[in-house]
Amino acid sequence: MQVLDRKLLRDLWRLWAQSLAIGLVLACGVAILVVMYGAERSLSETQETFYERNRFADIFASATRVPNDVLGEITAIPGVSQAETRISQHAILDIDGLEEPAMGRLLSLPEFGEPRLNVPTLTLGRWPDRDKPYEVVVNENFFAANDFALGEGFDVTLNGRKQPVTIVGTVLSPEFIYTIGPGALMPDDVRFGIIWMNNQTLAGTFRLQGAFNDLTVKTALGADQEEILDRVEDILAPYGGTGPYLREFQTSHSFIAAELESLRTMARVLPPLFFVISAFLVGMVLGRLIALEREQIGLFKAVGYSNAAISWHYVKLAIGIGTFGILLGWGVGAWGGHGLSAVYAQYFHFPYLIYISGWDTFIISGLAGIATVVIGAVRPVLRTTRLSPAVAMSPPAPTRYREGWIDWIGRVLRVRQPTMMIIRSITRWPIRAGLTAFGIAMAAATMVSSLFMFDAMDELVETAFFQANRQEATLSFIIPQGLEVTADVENLPGVMRAEGMRTVAARLTHGHLSRLSAIEGRLPGQDLSRVLDAESDEVVFPEDGIVLSNRLSGHLDAQVGDVITVEILEGQRGTYEIPVTGVITQYFGLGAYMDIGALSAMLQQSALVNSVHFALDEGQISELYTAVKAAPNVAGMVLWTQIRKAFYDTIAESSGISTTVYAIVASLIVIGVVYNSARIQLSERGRELASLRILGFTKAEVSYILLGELIFLTLVAIPMGWFLGRTMAFGIVTSFSSDLYSIPLIISQNTYAMTALVVLGASVGSALLVRRRINRLDLIAVMKTRE
Amino acid sequence: MPQPVFQTKGVTKVYDTGEIKVFALRGVDLKIYESELTVLLGASGSGKSTLLNILGGLDTVTEGSVFFKEQELSNMSERALTAYRRDHVGFVFQFYNLVPSLTAKENVALVTEISRNPMRPEEALELVGLSKRMGHFPAEMSGGEQQRVAIARAIAKRPEVLLCDEPTGALDSKTGVQVLEALDDINTELGTSTTVITHNAAIQNMAHRVIFFADGQINEVKENATRQKPSEIVW
């Protein structure tokens with residue numbers, strides 16, 4: 001081993017604490033890169049493979065009743081490679097041991113052979129026997145959540161009649177990787193299941209012999225999907241088609257897509273942040289080391305080492321510092337990747353998980369880590385090359401201080417000299433102080449921009465569950481009912497108040513922009529499910545006009561006063577021009593609202609409702625459940641109390657862990673910045689501080705001079721971090737907004753306070769670590785040595 | 001009869017590195033009196049710095065006892081030693097050790113702010129002939145001027161003793177003499193007991209008493225019947 005390399009190893013050994021502090025920050029960047037890219041690639045690879053092997057459809061459509069021979073017309077559309085018809089219906093389920101009614105989506109299996117599109121993978125048992133009309137297979141997660149065993153079963157309310165069915169198998173389908181019931185906001189595998197059964201059974205029950213009501217289409221590679229979509233719509237229109245849609249609007253798919261997008265955003269945004277801070281820290285530490293080793297560098301040059309050799313020596317030192325961080329990041333990343341996959345397995349149901357730990361992710365993150373430390377090393381290393389041997393061997397010129405306006409203020413305020421030393425140190429090296437404060441601010445920003453999610457969730461829950469939707473439950477019907485059904489619901493046991501609502505499938509168009517949506521017809525003066533504006537006041541619907549949610553308004557570029565085209569996609573159909581009379585802020589879905597009277601008048605129908613929201617007396621809930629389980633025509637019941645609870649459970653579960661993780665990450669950054677700054681300051685000013693100790697300054701007084709500056713910078717950095725964090729949160733809110741939901745930019749005082757507390761705590765902690773060294777200053781050496 | 005400010009009895013200092021024991025002081029008995037200007041003379045390694053460090057409360061004895069007036073330094077806690085240095089001792093270092101980010105006046109104020117009965121910084125600087133350089137930073141002053149600021153800083157709290165470690169060691173003869181003059185003036189005007197350690201034999205002639213050090217022991221104590229003025233000293 002060359003002598004310079006031996007020096008390198010000893011330097012690294014000596015710098016272990018500072019290297020560790022930098023390594024931890026770098027490790028965060030590397031780990032996030034590994035985890036996020038790993039998860040993103042694993043998830044998207046698994047999804048694509050599953051889609052491809054199980055032939056996930058490209059176009060989905062539903063209608064009321066389409067004769068089977070129409071399928072020929074569909075397959076004849078150019079670009080359609082395959083189409084499959086089926087019967088799809090929602091129904092109430094009565095499960096033993098589950099008091100409340102569950103909801104099922106019934107799907108027919110082909111009369112002959114196995115499904116050709118959206119092929120469910122059988123994970124347990126077998127397919128239903130064709131001769132056994134009430135054998136079913138169910139989605140695996142529903143089966144597991146209810147602790148079913150093969151051969152067990154439950155009751156399905158088919159046309160008002162309770163029909164026991166027997167589970168003979170479980171499946172996983174590319175259509176239901178993320179399984180969420182209609183009207184629900186969270187997956188609930190206990191109360192929502194997908195049930196596949198023989199076509200004949202469903203056709204018989206729902207009077208669809210020789211007909212279908214659901215269609216999925218696979219298009220050929222390169223086919224014009226929009227064109228096919230239009231043709232399918234035209235073909236299905238006479239049969240009550242409600243507007244076909246592309247895969248990107250399919251529920252399960254769009255949830256996965258949103259998750260993938262957020263992973264990509266995180267992988268793009270977060271690691272660079274940690275890399276920048278690491279590079280800054282490396283530059284800081286190496287800069288100081290090189291300043292201390294001036295004379296050695298001069299000596300190396302004097303005895304004939306080239307600039308390149310010396311530069312390489314220090315670059316290697318930087319790489320040495322980075323290596324630890326990269327290795328740690330890899331370790332944490334691999335571990336975290338598996339952890340995240342496990343989390344995904346909880347929400348996304350794949351028959352297998354292709355985990356791509358990807359050696360290339362490790363190489364890329366490793367190279368990024370090396371690049372980070374090398375870039376950080378550039379400036380101090382360049383300085384070594386500029387040192388001439390002679391100059392390098394004499395001490396550096398003393399730092400020049402000058403008085404400025406701050407000194408004048410200091411004098412007027414009669415600040416004591418130790419404080420003056422702090423002020424001068426900051427004003428003499430404003431860039432260094434600024435960067436230190438910036439580094440600390442980034443830590444605070446990381447925390448604010450992560451924790452705000454929980455504030456946003458709180459706001460979301462508050463508006464969605466406590467202001468807009470105050471009902472305890474919602475019943476939905478298979479076909480629209482007259483307004484009097486509301487009174488029928490009110491007569492059910494335990495129902496205290498009921499409000500009907502009409503939902504109509506429609507396509508909204510403004511200019512060249514159009515969107516499939518559902519128009520909700522609302523009764524005025526509702527108390528349970530309300531449409532609220534930004535001020536939480538109930539929106540009053542005018543006789544003629546439509547109110548759009550903010551994101552739908554954005555998609556259509558339609559503002560208040562614009563006239564949009566509304567194409568009703570069910571019943572008699574028809575196209576109408578309606579002015580937009582309001583735009584309201586909503587976090588879930590793409591809602592469009594009209595007065596129920598105006599909607600009915602437009603449709604030339606008497607007022608009908610297809611769902612009823614109601615308030616409950618919990619005391620009679622069992623009786624209600626029993627009544628609902630037996631009710632005809634009911635497609636499902638959503639229990640808002642359950643949704644609220646599930647939401648809170650999920651938030652509570654993840655918020656504790658996440659808050660801890662983010663607090664640790666922020667602390668690591670703060671420690672990296674503050675500990676290194678303090679160590680460097682100590683090495684630069686150790687002699688000065690030791691002299692003060694000799695002059696009779698106490699340890700606390702001397703510590704104040706060194707650490708006071710850092711604590712001051714921390715205090716300045718915290719509001720900076722708040723601001724930066726808010727800006728980052730804004731970016732996150734913008735990039736996370738999807739058709740499914742958007743996140744409000746709400747940051748609570750708690751988040752700000754928590755951030756300040758953690759950052760200040762980590763800062764004080766790092767300062768105390770360095771204070772131990774101040775206490776151990778060698779006073780005698782100072783008496784004799786020259787700096 | 002002047003009272004002793006320092007009195008040591010059988011002071012021994014051993015640096016134990018584990019493998020070897022180095023005897024820096026081997027039973028030193030010594031008295032230093034009020035208002036006296038003492039020069040401790042010896043080659044490097046003779047133990048004079050160790051003794052000064054012990055007198056200044058920076059180091060502890062291995063054996064023996066050290067008294068500052070009635071107080072025994074040799075069994076004080078670290079905290080008490082800090083208070084002792086703060087209240088009673090003025091230090092002058094070979095390399096000045098001024099705070100580079102503070103002006104001359106502020107360097108002096110650094111000490112006066114934490115003292116019980118200090119003089120004004122201006123006054124202290126005037127005593128060392130630097131009243132015109134008060135607003136300058138150390139980097140803007142010569143070595144001799146910096147050392148005089150250090151003296152002003154040391155005496156501004158009106159210490160009972162002034163301990164000077166090679167105060168002219170980093171200076172040429174001419175500026176060194178200016179520094180010695182400042183020390184002599186302080187000793188005369190304020191009556192501060194001043195102890196100067198040096199290996200520069202020329203300085204001994206300005207002292208009331210010269211203590212010769214070698215091998216960790218006092219070799220000889222000499223009283224100067226007539227003292228030389230600093231301006232007459234040349235090296």
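Predicted model: local features only at pLDDT ≥ 70, side-chain atom pairs only at ≥ 80, totals over all residues.

Student: Where is R414(A) found?
Tutor: In the loop between α12 (405-412) and α13 of chain A.

Student: What about the phi of R414(A)?
Tutor: R414(A) has a positive phi of about 55 degrees, and it is not a glycine. For background, most residues other than glycine have a negative phi.

Student: And N97(B), what is its phi?
Tutor: Phi of N97(B) is also positive, near 50 degrees, and this residue is not a glycine either. N97(B) sits in the loop between β6 and α3 (104-112) of chain B.

Student: Buried or exposed, that N97(B)?
Tutor: Buried, because N97(B) has 24 other C-beta atoms within 10 Å. The cut-off for buried is 20 or more.

Student: OK, zoom out. How many helices and strands does chain A have?
Tutor: Chain A has 22 helices and 20 strands. Its C-alpha trace spans about 105 × 60 × 50 Å along the principal axes.

Student: What share of chain A is buried?
Tutor: 44% of its 787 residues. As for contacts in chain A with a separation of 6 or more, 84% are between residues 24 or more positions apart.

Student: Now the helices. How do α2 and α7 of chain A cross?
Tutor: Helix α2 covers residues 16-53 and helix α7 covers residues 251-292. Their axes come within 8 Å and cross at roughly 160 degrees. So α2(A) and α7(A) are roughly antiparallel. The crossing of α2(A) and α7(A) is left-handed.

Student: Which classes of residue make that contact of α2(A) with α7(A)?
Tutor: There are 23 nonpolar residues, five polar and two charged.

Student: What is the angle between α7(A) and α10(A)?
Tutor: About 35 degrees, with the axes of α7(A) and α10(A) 8 Å apart. Helix α10(A) runs over residues 359-386. The crossing of α7(A) and α10(A) is right-handed.

Student: Which residues meet there, between α7(A) and α10(A)?
Tutor: From α7(A), they include F275(A), S278(A), G283(A) and I290(A). From α10(A), they include A368(A), T372(A), G376(A) and R383(A). By class, the contact of α7(A) with α10(A) has eleven nonpolar, six polar and two charged residues.

Student: Tell me about S278(A). Is it buried or exposed?
Tutor: S278(A) is in helix α7 of chain A. S278(A) is buried, because 30 other C-beta atoms lie within 10 Å.

Student: What does S278(A) contact beyond its sequence neighbours?
Tutor: Its contacts include I22(A), V25(A), G325(A), T372(A) and G376(A). Also, the C-alpha atoms of S278(A) and A21(A) are separated by 9.4 Å, although the two residues are 257 apart along the chain.

Student: Sheets next. What is the strand order in the four-stranded open sheet of chain A?
Tutor: The order is β2-β10-β1-β11, with antiparallel pairing. The edge strands are β2 (80-86) and β11 (245-246), each pairing on one side only.

Student: How many bridges pair β1(A) with β10(A)?
Tutor: Six, in the antiparallel sense. Strand β1 is residues 59-67 and strand β10 is residues 211-219. A61(A) stands opposite L215(A) in β10(A).

Student: Which helix packs on that sheet?
Tutor: Helix α6 (residues 225-236) of chain A, touching β1, β2, β10 and β11. Its direction makes about 15 degrees with that of β1(A).

Student: Over to chain B. How many residues of β7(B) are buried?
Tutor: Five of five, in a strand that covers residues 161-165. V161(B), L163(B) and D165(B) point one way, while L162(B) and C164(B) point the other way.

Student: Which strands are joined to β7(B)?
Tutor: Four bridges join β6 (residues 89-92) to β7(B), running parallel. In β7(B), L162(B) is the bridge partner of G90(B). Five bridges join β7(B) to β8 (residues 193-198), also parallel. D165(B) stands opposite I197(B) in β8(B).

Student: Last one. How many residues make the contact between chains A and B?
Tutor: 25 residues from chain A and 25 residues from chain B. On the side of chain A that touches chain B, α13(A) gives the most, with six residues. By class, that side has eleven nonpolar, six polar and eight charged residues.

Conventions: Residues numbered from 1 in each chain as written. Chains lettered and ligands numbered in written order. Contact = placed C-beta atoms within 7 Å. Helix = DSSP H or I, 4+ residues; strand = E, 2+ residues; numbered from the N terminus. Nonpolar A, V, L, I, M, F, W, Y, C, P; charged D, E, K, R; others polar. Axes fitted to C-alpha atoms, helices over the stretch in contact; angles between N-to-C directions. Parallel < 35°, antiparallel > 145°, perpendicular 65-115°, else oblique. Left-handed = near helix turned anticlockwise from the far one by under 90°. Buried ≥ 20, exposed ≤ 12 C-beta atoms within 10 Å, placed from the backbone. Pairing = 2+ DSSP bridges. Lists of a residue's contacts leave out its neighbours within four places in sequence.
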